[in-house]
Amino acid sequence: LSQNTDIRFSFHLAIKMYFSAEPWPENAFLRICNLSVQVVHRANAEYMSPSGKPPFIHVGNHVVSELGPIVQFAKAKGHSLSEGLDEVQKAEMKAYMELVNNMLLTAELYIQWCDDSTSSKITRSRYGSPYPWPLNHILAYQKQWEIRRKMKAIGWAGKNLEQVYEDVDQCCQALSQRLGNQSYFFNRQPTELDALVFGHLFTILTTQLTNDALSEKVKNYENLVKFCRRVEQNYFEELDHESRLSPTSRSLRDTPPK
């Protein structure tokens, strides 16, 4: 594909992102790529997505869901955040992205749907809120059953909360050590890894649950909190987070490091 300005400009204007909850990794990736996105909130985005997982983007005749395929689609259009990395660095980046998906994402789903206190007090009502009774309860319990079945399949069903928190801590420790004193994980310029890590850590830091145990694990690592603030300020500073986040969320401006 040509790299000329006209093609990129038309690509900017054509992107629509549909989501049911804040899509921070995907949104961060597109913003870091300097791609203009029209964000559309749809309660049924999960059922509109070709993979069954929100968010997804609509560009011309293309509908692409989830971060990995969105990254590949953008790359085909001439937008890549990891173009300057060598093959060893790219392999390392992919390994850390797998770590985040396998640990942080899974831990978030576990706490939301497998912890009885969180699921009963927050998750089911939040998930079902766009729908009328009794559909709200039916869909929420259906989603909970789906997530718990997944946890059983990957060996997480027998874990308790403390074990999940320990997994999160180990993941954060690995990320903190890799980041060190750098601005981003591969020095001065953010990559797909930075978008993914920001998305999950920002969600953990700004979403209120029944307690702060999960967010405290992240706050133990000051460089990760500063990293999230850096991405927020550099790529989301023009947004009013208090209006974009749900009523149960808060901006990192109100999240002091430990």
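## Confidence along the chain

Among the elements of the chain, helix α1 (residues 5-14) has the lowest mean pLDDT, at 32, while helix α8 (residues 161-179) has the highest, at 97. Keep in mind as you look around that this is a predicted model. Taken over the chain, the mean pLDDT is 83, and 83% of the residues reach 70 or more.

## How α5 meets α6

Two packed helices are described by the angle between their axes and the distance between the axes. Here, helix α5 (residues 87-113) packs against helix α6 (residues 116-128) at an angle of about 100°, and their axes lie 7 Å apart. Angles of 65 to 115 degrees count as roughly perpendicular, and α5 and α6 are therefore roughly perpendicular to each other.

Which residues make the contact? From α5 come Ile-111, Gln-112 and Trp-113, and from α6 come Thr-118, Ser-119, Thr-123, Arg-124 and Tyr-127.

Rolling a probe the size of a water molecule over the atoms shows where empty space is left. In this structure there is 1 cavity of 30 Å³ or more. The largest cavity has a volume of about 50 Å³.

Its lining is made of 10 residues, and those nearest the centre of the largest cavity are Ile-204, Thr-207, Asn-211, Asp-212 and Ser-215. Helices α9 (192-206) and α10 (213-219) each supply at least two residues of that lining. The lining of the largest cavity divides into 4 nonpolar, 4 polar and 2 charged residues.

## Two backbone details

Most residues other than glycine have a negative phi, and most peptide bonds are trans. With that in mind, here are two spots to look at.

The peptide bond that joins Trp-133 and Pro-134 is cis, with omega about 5°. You will find Pro-134 in the loop between α6 and α7 (135-153). Asn-34 sits in the loop between α2 (24-32) and β2 (38-41).

Definitions and conventions. Residues are numbered from 1 along each chain as its sequence is written. This is a predicted model: local features need pLDDT of at least 70, side-chain atom pairs count only at pLDDT 80 or more; totals for chains, interfaces and linings use all residues. Side-chain values use heavy atoms; hydrogens and water are left out. Axes are lines fitted to C-alpha atoms, for helices over the stretch in contact, and angles run from 0 to 180 degrees between N-to-C directions. Helices (H or I, at least four residues) and strands (E, at least two) are DSSP runs, numbered from the N terminus. Angles under 35 degrees count as roughly parallel, over 145 as roughly antiparallel, 65 to 115 as roughly perpendicular and the rest as oblique. Contact means heavy atoms within 4.5 Å. On a 1 Å grid over the protein atoms alone, a cavity is a set of points where a 1.4 Å probe fits but cannot get out, and a pocket is an open set with protein on both sides within 12 Å along at least five of seven lines; lining residues have an atom within 4 Å of a point. Grid points are joined across faces, edges and corners, and a volume is the space filled by probe spheres set on the points. Ala, Val, Leu, Ile, Met, Phe, Trp, Tyr, Cys and Pro count as nonpolar, Asp, Glu, Lys and Arg as charged, and the others, Gly among them, as polar. pLDDT is the predictor's confidence in each residue, from 0 to 100.
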